[in-house]
Amino acid sequence: MSIYVKNGILHVTGAQDKLRQKGQETPDFLSNYTMLDIETTGLSPYRDRITELGAVKVRNGQIVDQYTNLIKFPKNNKVPAFITKLNGITEEQIVNEGIPAEQAIKEFREFIDDDIIIGYNVNFDLNFLYDLSQKYKLPILNNDYVDVLRLARAYYPRERHNRLIDCMQRAGIAQVEEHHGLADSLDTIKVYNDFSAHFTDDLLEATRNKIKNVDLTGDDVDYIDLGFRNPVQNKNIVLSGHIHMDEQDADKMIGNMGGKVEDKVNPMTNYLIMGDHDFFRKDNEDLNTARDLIKDGAKIKRLSESFFLGMLDDWARS
């Protein structure tokens, strides 16, 4: 095995250092942990920013400490209008009430310490927090974690939507979600406690069994093992430049996941994946072809190898 998922974590021989070295998901009901939630300007940790941090420390099932702060960055604190409409956070609030990003992430990292982290769709939060911690050279955020969303999907298997607000309404906790870090952390604790009171041992074991384990370069990959939200399925992909993955293994993985590797960029290409140092080169023939095709209306996404592997790791952890 050279590209595989073990206990929900992607492993890629030759390119492991391109992945965030996050902890392992461990579905369980705990008495001691840190529950957290963040607000951001969008969905991508590569281009969006954290606007608010919220967390609650729990010991023996009781809340013993809380953390909440708006975050301001040195150059840009703009907040998209749809985000302000969602949670009420404005650029003016951040500038006037927020604390500097470096101070905030240092305090937040110290608050979490080595606790098991719990959150709702928490891998999203971890990506932002991991990157910001790395930016300021803080200890790697590799704490193990519990995702309450996975518990929700197991508890409500026939429901189409399992958002935090859906679980809150079903359990009679609240009818609206505040979309603020601390408030959502407190609400998620209530949902988590509700699940703890109703889960059976068999259901918890079934939840753990949903965590992916699959050899992506094997000869007998079962579609069922791939689960949902496969980012490669039905995608035409070109690999270009200095890729750290073994290209034969990458070809096998993409094929096993329902994608197709092509030799040359063309109007039907979905992803052009390039070595990290090739991404901005002007002499990359594939990249130049993609740029020309995009000008003519082609929908080609240009991805660095690190970004692509991050997509795969997010899928592996989903």
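Of the 318 residues in the protein chain, 50% are buried (under 20% relative accessible area, with exposed meaning over 50% and partly exposed in between, for a 1.4 Å probe and protein chains only). The structure is a predicted model, in which local features need pLDDT of at least 70 and side-chain atom pairs count only at pLDDT 80 or more, while totals for chains, interfaces and linings use all residues. Residues are numbered from 1 along each chain as its sequence is written, and side-chain values use heavy atoms, with hydrogens and water left out.

The protein chain contains 12 helices and 13 strands, taken as DSSP runs (H or I, at least four residues, for helices; E, at least two, for strands) and numbered from the N terminus. Its C-alpha trace spans about 55 × 50 × 35 Å along the principal axes. Of the contacts between residues at least 6 apart in sequence, 73% join residues at least 24 apart, a contact being heavy atoms within 4.5 Å.

Strand β10 covers residues 236-240, and five of its five residues are buried. In a regular strand, side chains alternate between the two faces of the sheet. In β10, Asn236, Val238 and Ser240 lie on one side and Ile237 and Leu239 on the other, all of them buried. Strand β10 runs parallel to β11 (residues 260-261), to which two bridges join it; pairing of strands requires at least two DSSP bridges. Lys260 in β11 is the bridge partner of Asn236.
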